Amino acid sequence: MTDWVTACKLDDIEQEGAIRFDHNSRTYAIYRGPDDSVWCTAGLCTHEAIHLADGLVMDFEVECPKHSGAFDYRTGEALRLPACENLRTYPTEIVNGEVRVALG
Amino acid sequence: MNGMVIIGAGECGTRAAFALREAGWSGPVTLIGTEPGVPYERPPLSKPRDGIVLRKPICPPEAFGNAGIHYLADCTARSLDPVTKTVTLENGEVLPYHRLLLATGATPRRLICRGGDRALNLRSHADAEAIFARALPGHPVAIIGAGLIGMELASVLIRNGAPVHVIDTAPAPLTRAVPSHFAAQLHQRHQAEGVRFHLGQGVAEIGADGVALADGTFVPADLTVAAIGVVPETGLAKAAGLATGNGILTDAELRSSAPDIFAAGDCAAAVQPDGSHLRQESWQNARTQAETAARNMLGESQPYAALPWFWSDQYDLGLQVAGQPRPEYHMVRRPLPGGELAFYLNAGQLVAAAGLGAGNSTAREVKLAEMLILAGARPDPALLADSAINLKSLLKSARAA
């Protein structure tokens, strides 16, 4: 069963930005795109355990702050080495200005 | 058909092997490495977790087979002949090449003093294991060299409970590539953690129980590590008559002085627009030069133009430097939550940037600064200094200009 969790308010995330969200001892990254769409991926880079929310978000791409591996945060696709494994993604919705993610 | 041969299976050589495939080369690729086992990443070597030195493979072992890369581990190239276009291995085997890449890296500079052989070095996984196996809580360690490796090592060892002494002939730590005010902050942090510094001091002798300094001071140590820099591995190139200096000299497209032989990574000194040669020793340089060299080995003519970039982790502090900050540049400082940025302007143009702060807290801004530099931006120093101004907006206006 899908477990919808309220993560933050939309306004907590800068446009073209990301924040870290920890839940049940797991860590996620929640992104706000340039078009105000909201996305959620696993929080750590697949190359090394680095929090992606510290990385630069440009358009729909997040870049790992350590080794510059890059992902499309909408699909989780690894776009640039050294990251070669895709990120897991999670569905999101915005309800009354709150961001909810399905972590099932 | 003769294939591509790469000598050196560190970050650079390994990356080049895969980059050749990505760029469309379907002929043979042979990667020759002197160390046993699968090629591994070096950055984790100075950052063990719970005393365990991670041997993180650069790629999964099966990736070589999948990409049709012939990887020869534990194998040393004895000589190369640019006329017959062959490499001779230690076992006598002769490998002909179509194009050759020298990615031979660098080796630690040896300490020249009495007892110098007692000092361990940190370059390979085996080196790291030897150091951390001997670094025990309560047993003093002397680190000779207050550069990035020496300082990273000091931060790990003191947290492991070893008394740590850092010795350097320079009057301050991190004088080479780190902005001086960040170097001073890191120095203070090390002192606050209990690291003892002996600066402006030469080493007279390394004994079984410590290090005698030139002024007569004795630094007790059960373990001595020399971290006084590296020298490029140019032996093969020099013996084959290639032009060498501080590294294997290359043109802007990473070609050596011999036809069909390229050089990249720590061993390569690439010509700069002002005619000088620049040799870099960073993870990023190893990878990006590998990619440029691979494309040029396949007939392209791309000059290597990546901006130098490196990072260093000490305690919970992360340092990142993009470009080459120089004291003569105009420096603009910007405070950040948990850290600080420094921008460097040369005649109004942004040419370098650095950040120091908790964890990766400055990484995003350093990356944006790097993009501003590559865009040729001439930002208003007042805007750079103002934390309320988003660097992304400066980037958008720079790109629109």
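The legends below describe views of a predicted model with chains A and B.

**Figure 1. Overall fold of chain B.** The secondary structure of chain B consists of ten helices and 25 strands. Its C-alpha trace spans about 60 × 60 × 40 Å along the principal axes. Among contacts in chain B with a separation of 6 or more, 60% join residues 24 or more positions apart.

**Figure 2. Overall fold of chain A.** Chain A has eleven strands and zero helices, and its pattern along the sequence is β-β-β-β-β-β-β-β-β-β-β. With 104 residues, chain A would have a radius of gyration of 13 Å by the globule rule; the computed value is 12 Å, close to that figure, so chain A is as compact as a globular protein of that length. The C-alpha trace of chain A spans about 40 × 30 × 20 Å along its principal axes. Buried residues account for 52% of the 104 residues in chain A. For contacts in chain A with a separation of 6 or more, 39% are between residues 24 or more positions apart.

**Figure 3. The largest nonpolar core.** This core has 41 residues. The residues with the most contacts inside the core are Ile143(B), Leu153(B), Leu157(B), Val164(B), Val166(B), Val195(B) and Leu319(B). Helix H4 (residues 148-159) of chain B gives the most to this core, contributing six residues. A second, separate core has 30 residues, including Ile69(B), Ala270(B), Ala286(B) and Ala294(B).

**Figure 4. Surroundings of Leu153(B).** Leu153(B) is among the residues with the most contacts inside the largest nonpolar core. With neighbours within four places in sequence left aside, the residues in contact with Leu153(B) are Leu122(B), Ile131(B), Phe132(B), Ile143(B) and Val225(B). One of these, Ile143(B), is also listed among the residues with the most contacts inside that core.

**Figure 5. Surroundings of His125(B).** His125(B) is part of helix H3 (residues 125-134) of chain B. The relative accessibility of His125(B) is 9%; this residue counts as buried because the value falls under 20%. Apart from neighbours within four places in sequence, His125(B) is in contact with Glu35(B), Tyr40(B), Leu45(B), Val53(B), Leu54(B) and Arg55(B).

**Figure 6. The largest cavity.** The structure holds two cavities of 30 Å³ or more, and the largest has a volume of about 80 Å³. Its lining consists of 14 residues. Nearest the centre of the largest cavity lie Glu63(A) and Pro65(A) from chain A, together with Gln320(B), Ala363(B) and Lys367(B) from chain B. Helix H8 (residues 363-374) of chain B gives the most to this lining, with five residues. The lining of the largest cavity comprises six nonpolar, three polar and five charged residues.

**Figure 7. The second largest cavity.** The volume of the second largest cavity is about 40 Å³. Chain A supplies Lys66(A) to its lining, and chain B supplies Asp313(B), Gly318(B), Leu319(B), Gln320(B), Gly359(B), Asn360(B), Thr362(B) and Ala363(B). Strand E22 (residues 317-322) of chain B gives the most to this lining, with three residues. By class, the lining of the second largest cavity has two nonpolar, five polar and two charged residues. Gln320(B) and Ala363(B) line the second largest cavity and are also among the lining residues that lie nearest the centre of the largest cavity.

Definitions and conventions. Residues numbered from 1 in each chain as written. Chains lettered and ligands numbered in written order. Predicted model: local features only at pLDDT ≥ 70, side-chain atom pairs only at ≥ 80, totals over all residues. Heavy atoms only, no water. Core = buried A, V, L, I, M, F, W, Y, C linked by side-chain atoms within 4.5 Å. Buried < 20%, exposed > 50% of the residue type's maximum accessible area, 1.4 Å probe, protein only. Helix = DSSP H or I, 4+ residues; strand = E, 2+ residues; numbered from the N terminus. Contact = heavy atoms within 4.5 Å. 1 Å grid on protein atoms, 1.4 Å probe; cavity = no way out; pocket = protein on both sides within 12 Å on 5 of 7 lines; lining within 4 Å. Points joined across faces, edges and corners; volume = space filled by probe spheres on them. Nonpolar A, V, L, I, M, F, W, Y, C, P; charged D, E, K, R; others polar. Rg over C-alpha atoms; globule rule 2.2 N^0.38 Å.
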